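Open your viewer and get your selection tool ready. We will take a short walk through the model together.

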Amino acid sequence: MQLDRIDVAILDHLQQDGRATTVELAERVGLSASPCHRRQRLLEEAGIIQRYVALLDQERVGLAVHVFVTIELAAQSEANLERFERAIADYPEVMECYEMAGTSDYLLRVVCADLASYEQFMRGRLSRIDGVRAIRSAFALKRVIYRTNLPLPRPPK
């Protein structure tokens, strides 16, 4: 799907306010409600808008510890990769997981209530996944930037 300036405007506004009504969204992007709703639905059907969520304050819900974890597997066989990915998919503490090129095989972003919770997660779950050779943890001291809005490319006019 090729995005035009109105699609980008709709996406920009929804990234700022996912609860915007069709009327609010239409006013913001300069359309009437019906064509605006139709475009929003097309963006959803195309998979560009995947879902709508509420963003929570991580610390206020008791998850103050941010840990970036690199994982090195004993071997990078397809079976080991799949085993690891299946195992961590069930761990709600893992907010993001990326397969990496370079010195580690995976990079995880993990959230926990405190250091004891992280230790329990690391010892009781991560280290028990068959095929994991090394786990390296880096604890974030302070979040400097946190964005959920993608920097959308601006189509030519």
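The tour goes from a helix to its packing partner, then to a sheet and a loop.

Before you click, note that this is a predicted model: local features need pLDDT of at least 70, side-chain atom pairs count only at pLDDT 80 or more, and totals for chains, interfaces and linings use all residues. Residues are numbered from 1 along each chain as its sequence is written, and side-chain values use heavy atoms, with hydrogens and water left out.

**Stop 1: helix α2**

Select residues 22-29, which form helix α2. Helices (H or I, at least four residues) and strands (E, at least two) are DSSP runs, numbered from the N terminus. Which residues of α2 are buried? Colour Leu25, Ala26 and Val29; buried means under 20% relative accessible area, exposed over 50% and partly exposed in between, with a 1.4 Å probe and protein chains only. These three lie on the same side of α2, because they cover an arc of only 100 degrees around the axis, taken from the directions from the helix axis to the C-beta atoms. Now turn to the face pointing away from the buried side, where you will find the exposed Glu27 and Arg28. Just past the helix, Gly30 has a positive phi of about 80 degrees.

**Stop 2: α2 against α3**

The axes of α2 and α3 are 9 Å apart, and the helices pack at an angle of about 100 degrees. Axes are lines fitted to C-alpha atoms, for helices over the stretch in contact, and angles run from 0 to 180 degrees between N-to-C directions. To see the contact (heavy atoms within 4.5 Å), show Thr22, Leu25, Ala26 and Val29 of α2 with Ala33, Cys36, His37 and Gln40 of α3.

**Stop 3: the sheet**

Next, display the open sheet of four strands, with order β2-β3-β1-β4 and antiparallel pairing; strands pair if DSSP finds at least two bridges between them. β2 (94-99) and β4 (132-139) stand at the edges, each with a single partner strand, so one side of each has no neighbour in the sheet. From strand to strand, the twist averages 20 degrees. Helix α5 (residues 115-124) packs on this sheet and touches β1, β2, β3 and β4.

**Stop 4: Arg125**

Finish in the loop between α5 and β4, at Arg125. Is Arg125 buried, exposed or partly exposed? At 31% relative accessibility, Arg125 counts as partly exposed. Beyond its neighbours within four places in sequence, Arg125 contacts Tyr91, Pro92, Glu93 and Gln120.
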